[in-house]
Amino acid sequence: MTPLRQRMIEDMRIRNLATTTQRSYIHYVSEFARHFNRSPQDLDLEAVRQYQLYLAQDRKLSPQSINTFVSAVQFLYLTTLEMPWEAKDFPRARLEEKLPVVLAPDEVHRFFDHVGGLKHRAVLLTCYGAGLRISEAVAVKHSDIDSKRMLLRVEHGKGAKDRYAMLSPCLLEVLRAYFRILRPAEPWLFPSWRPHLHFGAGAVQTACREAWQRSGLGKRVTPHMLRHSFATHLLERGVDTRVIQALLGHSRIDTTARYTAVSPATISATKSPLDLLLKPAPSHPPKSKRSKR
């Protein structure tokens, strides 16, 4: 390991970056150095620009992947190497604003009919029943389940934030049945076969893909789609957007508000101003004349 690589790892640990983020940054910086066959400390902003073009034009990476590379080299040069540059010197690719794809309630039911394996089913039901990310669901501990207050504690969610998610009575029964059969040892509710580790997200994603293929659904089902569906179905039942924001752990309300754009019930129930403008005036029945006596 080079001194520069070691220094960058230490800087990321000091700032408590997620383990996955650290691995991703090291990967992109290593690929960047290998492309030019030189140490990153001997390269400049023009090299960064050329590599961005290479990723976009030759390797045809997605804008999200290119921006991850930008975040990695920005951290390297501004934090670890302390170069006299600014964040604006690292331009990012514009991201397309795509709406999340969600499942209708009957499609969710059809999907779960084809999920095999007790542990896989319990994890995926947790993703949908509590709106958890896959990384949060596999990391649930025994102590995170508060059956008295019907809450599910999420530790170190995205952005290293803790929060509480809902624990529905149906999900609690699913988890109790799972526990009675498999008896997972503490601390993890979904332990891995490897000692002291929780179940891997990759195994659940594979099980999810296989269940989707067996179900015959046209929409490609992922664990994150179950989270999107959870939020959309709550919105369609009239749950306030800010409550959904808290349940999902979103920092910004506009992230949660996008679910209003994918909810058919919300869209169809909204009156157009044209309907109010051209609405005919109510007709009043003619007043009856009093008969003269």
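# Questions on a predicted model

User: Is Met225 buried or exposed?

Analyst: The relative accessible area of Met225 is 5%. Buried means under 20% relative accessible area, exposed over 50%, and partly exposed in between (1.4 Å probe, protein chains only). Met225 is therefore buried.

User: What kind of model is this?

Analyst: Residues are numbered from 1 along each chain as its sequence is written, and side-chain values use heavy atoms, with hydrogens and water left out. Local features need pLDDT of at least 70, side-chain atom pairs count only at pLDDT 80 or more, and totals for chains, interfaces and linings use all residues; this is a predicted model.

User: In which helix does Met225 lie?

Analyst: Helices (H or I, at least four residues) and strands (E, at least two) are DSSP runs, numbered from the N terminus. His228 lies in helix α10, residues 223-236. Met225 also lies in helix α10.

User: Which residues do Met225 and His228 touch?

Analyst: Contact means heavy atoms within 4.5 Å. Not counting residues up to four places away in sequence, Met225 touches Val101, Val102, Leu103, Lys219 and Arg220. His228 is buried at a relative accessible area of 9%. Leaving aside its neighbours within four places in sequence, its contacts are Pro100, Val101, Val102, Arg258 and Tyr259.

User: How far apart in space are Met225 and Gly131?

Analyst: In sequence, Met225 and Gly131 are 94 residues apart. From C-alpha to C-alpha, the distance in space is 9.8 Å.

User: How many aromatic pairs are there?

Analyst: Rings of Phe, Tyr and Trp (its six-membered ring) pair if their centres lie within 6.5 Å; planes under 30 degrees apart count as stacked, over 60 as edge-to-face and the rest as tilted. Counted by this rule, the aromatic pairs come to 13.

User: Why is the pair of Phe112 and Tyr128 placed in its class, and which class is that?

Analyst: The ring centres of Phe112 and Tyr128 are 6.5 Å apart and the planes meet at 50°, so the pair is tilted. The pair links distant parts of the chain, 16 residues apart, with Phe112 in helix α5 (residues 105-112) and Tyr128 in helix α6 (residues 118-130). Phe112 counts as buried at 6% relative accessibility, while Tyr128 at 22% counts as partly exposed. The class asked for is tilted.

User: Which peptide bond is cis, with omega near 5°?

Analyst: Pro187 is found in the loop between α8 (169-182) and α9 (201-215). The cis bond runs from Glu186 to Pro187.

User: What is phi of Asn37?

Analyst: Asn37 is found in the loop between α2 (19-36) and α3 (45-58), and is exposed with a relative accessible area of 69%. The residue is not glycine, yet its phi is positive, near 55°.

User: Where is Met150 found?

Analyst: Met150 has a positive phi of about 55° although it is not a glycine. Its relative accessible area is 25%, so Met150 is partly exposed. The loop that holds Met150 lies between β1 (145-146) and β2 (151-154).

User: What is the radius of gyration of the protein chain?

Analyst: The radius is taken over C-alpha atoms, and the globule rule is 2.2 Å times the number of residues to the power 0.38. A compact globule of 293 residues would come near 19 Å. The C-alpha trace spans about 110 × 55 × 35 Å along its principal axes. For the protein chain, the radius of gyration is 26 Å.
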